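Thank you all for making time this morning. I would like to walk through one model with you, taking it piece by piece and keeping to what was computed from the coordinates.

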Amino acid sequence: MKDALSIHRLLLERQMTHEIVRLPRHIGSADDLPEVLGLPPSRCLCTRVYLPYEPGRLYTAHHPLVAVIVTAGTRPAPSAVADALGVPEIRPAPVDLVNEVTDYAADLVAPLLLPAEVTTLVDQRAAHGDEVVYTTTGEPWTALGIHTLDLFALCDAKPTPIPCTHAHEGPES
């Protein structure tokens, strides 16, 4: 499994300023970061993973997984993500598929070191400015602090206008 050390090595290799933060308590998902770090949700990012869906078909090489980076506590509007990808519909990817394809624990997927076949989008609101943001590392006891411009350059995320809802309002859990 990928972890904080894998991310740290990548960032050292690229000579990018960053910080691996040891959390005061374990987290269950990236949505826990604002509370644990004492930061506003806008400074903490989550990577949500989806599966393009076509009636009668599931995961195929033609439609690999999609990672969408949003602020903590929000979920992207599925229709907006589907429109951005040119597919009829998206659904949350099954946990076992997320674990297998990303090599991260499903609720702690980091936006870095994702396989090339995973399309990465970022909500434009999360990509504004160049402040330090925090995201998961694949481990429940660490977080990554990094400048947004460095993060999005490394993960090759495409800024996209994606309306979001609060996590507890959407159909996902």
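**A walk through the model**

Let me begin with a contact between a charge and a ring, where arginine 91 sits over the face of tyrosine 53, at 3.6 Å from the ring centre. Please keep in mind throughout that what you see is a predicted model. As for rings facing other rings, the count of aromatic pairs comes to 0 under the rule applied here.

Let me turn now to the helices. Which residues of α1 are buried? They are Ala4, Ile7, Leu10 and Leu11, and they lie on the same side of α1, because the arc they cover around the axis is only 130 degrees. Arg9 and Glu13, by contrast, are exposed on the other side of α1. Glutamate 13 belongs to this helix, which runs over residues 4-13, and its relative accessibility is 61%, so it counts as exposed, the cut-off being over 50%.

Glutamine 15, although not a glycine, has a positive phi of about 55 degrees; its place is in the loop between α1 and β1, the latter being residues 18-22, and with a relative accessible area of 73% glutamine 15 is exposed. Aspartate 156, also a residue other than glycine, has a positive phi, near 50 degrees. That residue lies in the loop between α5 (148-154) and β9 (158-160), and aspartate 156 is likewise exposed, its relative accessible area being 65%.

Aspartate 156 returns when we come to the pockets. Which residues lie nearest the centre of the second largest pocket? They are Leu114, Thr120, Leu154, Cys155 and Asp156, from a lining of 14 residues. By class, that lining has 10 nonpolar, 2 polar and 2 charged residues, and about 210 Å³ of space lies in the pocket.

Is glycine 86 buried or exposed? Glycine 86 is found in the loop between α3 (78-85) and β5 (89-92), and it is exposed, with a relative accessible area of 63%. From C-alpha to C-alpha, glycine 86 and proline 52 are 9.5 Å apart in space, while 34 residues separate them in sequence. Leucine 144, on the other hand, is found in strand β8, residues 142-147, and with a relative accessible area of 1% leucine 144 is buried, the limit for that label being under 20%. Leucine 144 and lysine 158 are 14 residues apart in sequence, and their C-alpha atoms are 20 Å apart in space.

Key: Residues numbered from 1 in each chain as written. Predicted model: local features only at pLDDT ≥ 70, side-chain atom pairs only at ≥ 80, totals over all residues. Heavy atoms only, no water. Phe/Tyr/Trp six-rings, centres within 6.5 Å; stacked < 30°, edge-to-face > 60°. Lys NZ or Arg CZ within 6 Å of the ring centre and 35° of its normal. 1 Å grid on protein atoms, 1.4 Å probe; cavity = no way out; pocket = protein on both sides within 12 Å on 5 of 7 lines; lining within 4 Å. Points joined across faces, edges and corners; volume = space filled by probe spheres on them. Nonpolar A, V, L, I, M, F, W, Y, C, P; charged D, E, K, R; others polar. Helix = DSSP H or I, 4+ residues; strand = E, 2+ residues; numbered from the N terminus. Buried < 20%, exposed > 50% of the residue type's maximum accessible area, 1.4 Å probe, protein only. Arc of directions from axis to C-beta.
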